[in-house]
Amino acid sequence: MNKNQPRPHGPAWAAALIGVVAGAVALGVGQLAAGVINPKASPVIVVGDAAVDRTPAAVKDWAIRSFGSNDKLVLISGIVVVLALIAAGLGLLARRRVGYGTTGLMIFGVVGVAAAISRPDSGPFDILPSVIGAGAGAWALTILARRTWPVVEPGYEDLRPYRSEESTSTSPEPAPTSPEPPSPEPGSSEDPAPAGVPGTGRAELPPVMRAGGRLYEFDRRGLLTGVVVGAVAAGATELAGRALAGRLDVDTERAGIALPKPATPAKPLPAGVDLHIKELSPFSTPNRDFYRVDTALVIPQVDPKTWTLKIHGMVDKPVELTFADLLKRPLMEADVTLTCVSNDVGGPYVGNARWLGARLADVLRQAGLRSGADMLLSTSSDGFTAGTPIDIVMDGRDAMLAIAMNGEVLPQAHGFPVRQVVPGLYGYVSATKWITDIKVTRYDQDEAYWTPRGWAPKGPIKTGSRIDVPVGGSTIPAGRTAIAGVAWAQHRGVAGVEVQVDKGPWQPARLAEVPGPDTWRQWTIDWQATPGKHTVAVRATDAAGHTQTEEYAPPAPDGATGWHSILVVVK
Ligand SMILES: Nc1nc2c(c(=O)[nH]1)N[C@H]1C(S)=C(S)[C@@H](COP(=O)(O)O)O[C@H]1N2
Ligand SMILES: [Mo]
């Protein structure tokens, strides 16, 4: 075939298909390379993580609110769909010229390399999975692209497009006068044997593609085998890479930890902390139901055997603790309710647990805080940071380095092996999971993760309340029924809760007991429900005398305000 002529290309669907397969090969091989080199450097994860860190706060806030703890699943599925579309596009580019497609894959490799380098804990070899993956993808694309090119069956050379019309042909033999019909490939029943076209001296082509007015066909069977082999290779390398990455899981280490007894046990819970009303959030949130909010696409696996916590910065003598050191300290226990700043009015991102850990103030005193320091910049193994006001941590409240939650070693999703818990502050400024480093510093010198993304540097929890029962939007039978929910004002304490039906007078709710000011408080009120539609609203007043304002504010930048109200239909 003449080199100067544009190479005929196969159908668009074949091009898109091989693009997707080549993309899958790139990801699979990249995952396998990451499994061998460093599972944290998996191309999808490093790129995804980098994307999360660069996503505007408003979008993240929306994602957290819309998808909740499924936000990561939704994100990863989204990434896969977008990548597949791009890969299909690269396949179509490769149809014009293979080099366009392979260049596109290489650009993805470069993005992967850049993302890998930008990780806070990256090593020099972390760029390799992206490089190797992109290389493998480009190689696969080159091989597969050839299989979409036209093939001319023996006997049909005269019908080859580029020959009859173009005089520049490099093989000027005359066309055979009586062409042998090509033997159809065995088993390809959809490809009928061609029959001669009487009187023309030409043969009818078997499956004929028309493109640009030219006749050609391509080797469907070759393409199919290539696609299957590519897909299998992609799947096998992906699975092997994941299996190799699994060797970093710390489930066994976690299971092997025996929790020490607290030197200072939690105050026994008063009998009346839980009103035991159906559908009302229980006083203690079980670990499996506890909300999860973080920026990690893959739950960090931190080995307690090698874990250390460094406390440095504006201190007299930097301290480095091992997990064993931490367990040897006198441990304390406390019931503390965590709240996420992203929790909208009536939202689910609040939960209460009993935490066991070392008193943070004691550890800081051991390091010796220098005067002038006003912020603890804590960092997690995955690079997230939180900035916590030092005066709050040192004021005697139960701020701790927690190792257990509700009598169980910290679940991996909640920060195993060690996380911070500070009553009264939203999680983003205080509750660092997988914590590895605390820098004693100043707000005017350092900034934590969410601050440049538009959230307030300090995040005291705003007094809040939520109606759990009846469920908003539900239909309930007429008659006497309970309206119930939870209210929180961590470290100040909830002093009162009022309920309003159909804009009527505010009625005081009955409050459940609490062990102290750091947990949420259940509340309830009896209601004589009459048939019709009703709105029910709630507002809490904290022990400092502040009553929740009706004025709505969104979660950003420092927590939502407004009354939670629901609509119920009574029948
Ligand atoms: N390492 C790390 N710790 C983190 C976060 C994070 O993104 N990364 N998010 C914080 C936020 S915003 C909240 S609300 C709490 C949530 O803790 P949970 O997931 O255990 O409920 O963790 C905090 N600690
Ligand atoms: Mo949060």
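User: Is Leu244 buried, partly exposed or exposed in this predicted model?
Analyst: The classes rest on relative accessible area with a 1.4 Å probe and protein chains only: buried means under 20%, exposed over 50%, and partly exposed in between. Leu244 has 32% relative accessibility, so this residue counts as partly exposed.

User: In which helix is Leu244 found?
Analyst: Helices (H or I, at least four residues) and strands (E, at least two) are DSSP runs, numbered from the N terminus. By that numbering, the helix with Leu244 spans residues 220-245 and is H7.

User: What is the relative accessibility of Asp446, and is this residue buried or exposed?
Analyst: Asp446 is found in the loop between strand E14 (435-441) and strand E15 (464-469). Because its relative accessibility is 17%, Asp446 counts as buried.

User: Which side chain joins that of Asp446 in a polar contact of 2.9 Å?
Analyst: A polar contact is a pair of N or O atoms within 3.5 Å; within protein, one must be able to donate a hydrogen and the other to accept it, and residues adjacent in sequence count only if both atoms are side-chain atoms. The partner of Asp446 at 2.9 Å is Lys439.

User: What percentage of the 571 residues in the protein is buried?
Analyst: The secondary structure comes to 11 helices and 23 strands. Of the 571 residues, the buried share is 49%.

User: What do the numbering and the model rest on?
Analyst: Residues are numbered from 1 along each chain as its sequence is written, and chains are lettered from A and ligands numbered from 1 in the order in which they are written. Side-chain values use heavy atoms, without hydrogens and water, and in this predicted model local features need pLDDT of at least 70, side-chain atom pairs count only at pLDDT 80 or more, and totals for chains, interfaces and linings use all residues.
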